[in-house]
Amino acid sequence: MSFSEAISPFFGRCAFVWFYLTGAVDIAGNWRGLAVELAAKHVPIPPLILLLALILIVMGSISLLFGYHTRHGAMLLFGMTMVAAVTMHDYWHYTDVALRAEQFGIFARDFAICGGLLLLVGLGPGPFAVDNRGKNGGGKKH
């Protein structure tokens, strides 16, 4: 296995962690505004949903960062991202061309991220992960 094959899954997981944790910071910093936005989309109990999203983001990000139960963490983030994309970025309901394009761009981004998460589910975390301690290609066990 080449160095790039060994290290690229780790850097890919770090990119996911960066994406989700910056989103968590946005949620925490814009709590009231997002609660109003959720209520406008008829999402029940917006503060509870935001809290649940934060918990899932933190759990999933820790899982991906360390490669610990990576497939479970990726599935958590996949499910949350797909629900959020369909609920919050329903571009098909917009008639204004600019708003529709903006919502479509966010929906497409989230859909692509979900594809990457499914790759993690299918292929695993790569060799630099807690999941692979003591396995061939993983960390050395002393």
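The buried residues of helix α1 (buried: under 20% relative accessible area, with exposed over 50% and partly exposed in between, 1.4 Å probe, protein chains only) pack against α2 (31-40), α3, α4 and α5. These residues of α1 are Ala6, Ile7, Arg13, Phe16, Val17, Tyr20, Ala24 and Ile27. Contact here means heavy atoms within 4.5 Å. Helix α1 has 27 residues and spans 39 Å from its first C-alpha to its last, close to the expected 39 Å at 1.5 Å a residue, where the expected span is 1.5 Å times one less than the number of residues. The model is predicted: local features need pLDDT of at least 70 and side-chain atom pairs count only at pLDDT 80 or more, whereas totals for chains, interfaces and linings use all residues. Residues are numbered from 1 along each chain as its sequence is written, and side-chain values use heavy atoms, with hydrogens and water left out.

The protein contains five helices and zero strands, in the order α-α-α-α-α from the N terminus on. Helices (H or I, at least four residues) and strands (E, at least two) are DSSP runs, numbered from the N terminus. Along the principal axes, the C-alpha atoms fill a box of roughly 55 × 30 × 20 Å. Of the 142 residues, 32% are buried. Among contacts between residues at least 6 apart in sequence, 61% join residues at least 24 apart. The accessible surface (Shrake-Rupley method with a 1.4 Å probe; for residues, only the protein chains shown count as cover) comes to about 8800 Å², and 72% of this belongs to carbon and sulfur atoms. There are 10 positive and 8 negative side chains, and the centres of the two sets lie 15 Å apart. Lys and Arg count as positive and Asp and Glu as negative, while His and the chain ends are not counted; each charge is placed at NZ of Lys, CZ of Arg, CG of Asp or CD of Glu.

Helix α5 (residues 97-123) has 27 residues and reaches 39 Å between its first and last C-alpha, close to the 39 Å expected at 1.5 Å a residue. Its buried residues are Gln103, Phe107, Asp110, Ile113, Cys114, Leu117 and Leu120, and they pack against α1 (3-29), α3 (46-66) and α4 (70-88). Helix α5 is followed by glycine 124, whose phi is positive, near 90°.

Aspartate 96 is located in the loop between α4 and α5 and counts as partly exposed because its relative accessibility is 40%. At the start of α5, a side-chain oxygen of aspartate 96 reaches to within 3.2 Å of the backbone nitrogen of alanine 98. A polar atom of the aspartate 96 side chain also lies 2.9 Å from the backbone nitrogen of leucine 99. A polar contact is a pair of N or O atoms within 3.5 Å; within protein, one must be able to donate a hydrogen and the other to accept it, and residues adjacent in sequence count only if both atoms are side-chain atoms.

Aspartate 90 lies in the loop between α4 and α5, and it counts as buried because its relative accessibility is 10%. A polar contact of 2.7 Å joins its side chain to that of lysine 41. Leaving aside neighbours within four places in sequence, aspartate 90 is in contact with Lys41 and Ala85.

Threonine 81, in helix α4, counts as buried because its relative accessibility is 4%. A polar atom of its side chain lies 2.6 Å from the backbone oxygen of leucine 77. Not counting residues up to four places away in sequence, threonine 81 touches Tyr20, Asp110 and Cys114.
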